[in-house]
Amino acid sequence: MTSHKAPHLHSDPNTGPSSDPDTAFDVDAMLADLRTLVEIESPSRDRDALAASARTVAAVLEKRLGGQATLIESEAGPHVHWSGGGAPNVLILGHHDTVFPLGTLARRPFRAENGRATGPGVFDMLGGLVQAVHAVASLADRSGVEFLVTADEEVGSHSSRNLIEERARACGAVLVVEGAGEGGALKTGRKGCGTFHVTVTGRASHAGLEPAAGVNALVEAAHQVLDIAALGRPGIGTTVTPTVASAGTLDNVVPAEATITVDVRVETTDEKDRVESAFAALSPHLDEAEITVRGGIGRPPMPESASAELFALAQRLLPGIEGVAVGGGSDGNFTAALGVPTLDGLGAVGGGAHADHEYVVIEAMAERARLVAGLVEAIRSVRDDRDQERTGPEARPLDA
């Protein structure tokens with residue numbers, strides 16, 4: 001495979017030039033880095049694997065960008081942070097954990113053939129991370145740019161959320177290199193999402209001798225599933241979906257306990273509050289049954305207003321690029337909720353996230369890297385023309 005030049009991005013007098021249009025992005029080098037990351041398997045919650053993955057991510061950052069990457073230890077595994085120095089302006093946000101268990105690589109090794117790169121984690125989201133690293137490497141001036149690559153995005157970002165929010169506030173603009181939407185679209189909005197766990201406690205008894213002496217947790221759970229499903233409002237984007245249920249121990253015992261797991265997606269904060277209140281108010285239908293609820297909507301909605309300024313810059317750089325609001329969540333939900341301008345879906349063009357057919361379109365890798373480089377330059381150009389004193393993201397709009 002030979003090196004490629006991406007199609008030129010357009011400059012704009014209001015944003016200044018993008019990265020040098022004659023800069024060649026070496027796709028072979030990108031694929032080599034992608035292979036390196038894919039072949040260090042990194043399933044969420046496997047701290048040993050994530051430690052090895054974090055060291056590898058840090059090595060790639062240092063090799064391509066210089067400087068020193070920092071490993072930030074957490075209960076989930078190490079997060080990786082790199083800074084180009086100077087006053088922070090742009091946070092490039094990604095994660096190195098994947099959903100695939102150890103051993104997946106042996107069954108589905110990394111391959112680059114027939115125009116596609118395949119292997120566990122290539123699309124979600126190691127391809128996007130590699131593209132962003134090469135994007136920043138193409139810049140003569142890397143000051144003000146930060147990378148934060150977390151270890152627990154796939155499992156809720158519980159250990160990384162505070163760090164994500166801290167660096168987002170400091171930088172004032174966030175580029176999320178999760179995989180692109182269909183056809184290469186940028187992700188301009190995301191639903192808030194979360195998981196609820198409902199436990200029903202009843203009382204066991206002999207199903208033949210004393211069925212009435214028990215409190216049937218399975219029957220109560222059936223009532224609860226119907227009540228929970230009725231909370232959805234698909235017409236305004238709220239989905240409440242019972243996904244997993246379990247109950248009972250033996251076929252001749254009235255079940256003493258049942259559990260229900262529920263996936264929830266919402267488009268607005270008002271809906272988040274309504275659904276969380278409704279779960280808290282769930283009440284039993286059967287006498288003496290008890291209901292316990294834990295969980296919540298951990299990722300707030302990412303409204304399209306949060307991406308509007310950065311998406312306008314992307315459209316100037318790459319006319320015709322589309323934006324789409326999606327149901328899945330990312331760490332961009334957290335940064336958008338702070339009021340920090342956030343643009344998502346800047347990663348690889350491809351598909352099959354979390355599936356065996358996951359892939360990245362090789363031909364699009366260079367253009368995608370050029371887009372990220374152009375956005376970094378555009379953001380810095382806007383800010384260089386303004387008062388450098390920082391009073392908060394709301395006071396410093398990016399798109400004049």
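**Exercise 1.** Is phenylalanine 147 buried or exposed?

*Solution.* The model is predicted: local features need pLDDT of at least 70, side-chain atom pairs count only at pLDDT 80 or more, and totals for chains, interfaces and linings use all residues. Residues are numbered from 1 along each chain as its sequence is written, and side-chain values use heavy atoms, with hydrogens and water left out. Buried means under 20% relative accessible area, exposed over 50%, and partly exposed in between (1.4 Å probe, protein chains only). Phenylalanine 147 has 0% relative accessibility, so this residue counts as buried.

**Exercise 2.** Determine how tryptophan 82 and phenylalanine 147 are arranged as an aromatic pair.

*Solution.* Rings of Phe, Tyr and Trp (its six-membered ring) pair if their centres lie within 6.5 Å; planes under 30 degrees apart count as stacked, over 60 as edge-to-face and the rest as tilted. The whole structure contains 2 aromatic pairs. In the pair of tryptophan 82 and phenylalanine 147, the centres are 6.1 Å apart and the planes stand at 70°, which is edge-to-face. Tryptophan 82 is buried, at a relative accessible area of 2%.

**Exercise 3.** Classify the pair of phenylalanine 196 and phenylalanine 279.

*Solution.* The ring centres of phenylalanine 196 and phenylalanine 279 are 3.9 Å apart and the planes meet at 5°, so the pair is stacked. Both phenylalanine 196 and phenylalanine 279 are buried.

**Exercise 4.** State how many disulfides the structure holds.

*Solution.* A disulfide is a pair of cysteine sulfur atoms within 2.5 Å. The structure holds 0 disulfides. Cysteine 171 is buried at 0% relative accessibility, and cysteine 193 is buried at 12%.
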